[in-house]
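Here is a short report for a first look at a protein model. Keep the structure in view while you read.

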Amino acid sequence: QVQLQESGPGLVKPLQTLSLSCTVSGASITSDYNYWSWIRQSPGKGLEWMGLMTWRGSTYYNSSLKSRTSISRDTSKNQFSLRLSSVTPEDTAMYYCARVRDLAVDHWGQGTQVIVSS
């Protein structure tokens, strides 16, 4: 059973960097053809794909967020992480980590609420 669990602060001040981690169990983040993604949903809006890391460690980002987004991993902990810099209240959202296989998300984390406010 693959499980993903997000963790990180629920409140971030404007212009600071948001940092979240996703701990994966039941699958290795280095297993072939596993893609690990960050997705968010702002209040009243649809899902927004932020970026992903492949099993080989390559990264791809949403072009609208690329300048502020970084995804990294710690293979010893089977974790991958998100950093979003220079946040504004518009970055307030529910943040999800997810596994993508065969071009579709097949496992989601439960999500973590992040509020950007001073």
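## Strand 4 and its partners

Serine 37 has alanine 98, in strand 9, as its bridge partner. Strand 4 (35-41) and strand 9 pair in the antiparallel sense over seven bridges. Strands are DSSP runs of E, at least two residues, numbered from the N terminus. Two of them pair if DSSP finds at least two bridges between them.

Strand 4 also runs antiparallel to strand 5, joined by seven bridges.

Five of the seven residues of strand 4 are buried, so the strand is largely enclosed by the rest of the structure. Buried means under 20% relative accessible area, exposed over 50%, and partly exposed in between (1.4 Å probe, protein chains only).

## An aromatic pair

The structure holds five aromatic pairs. Tyrosine 35 and tryptophan 55 form one that is edge-to-face, at 5.3 Å centre to centre and 90 degrees between the planes. Rings of Phe, Tyr and Trp (its six-membered ring) pair if their centres lie within 6.5 Å; planes under 30 degrees apart are stacked, over 60 edge-to-face, the rest tilted.

Tyrosine 35 is partly exposed because its relative accessibility is 25%. Tryptophan 55, at 11%, counts as buried. Ring pairs link Tyr33, Tyr35 and Trp55 into a cluster.

## About the model

The model is predicted: local features need pLDDT of at least 70, side-chain atom pairs count only at pLDDT 80 or more, and totals for chains, interfaces and linings use all residues. Residues are numbered from 1 along each chain as its sequence is written, and side-chain values use heavy atoms, leaving out hydrogens and water.

Key: Helices (H or I, at least four residues) and strands (E, at least two) are DSSP runs, numbered from the N terminus.
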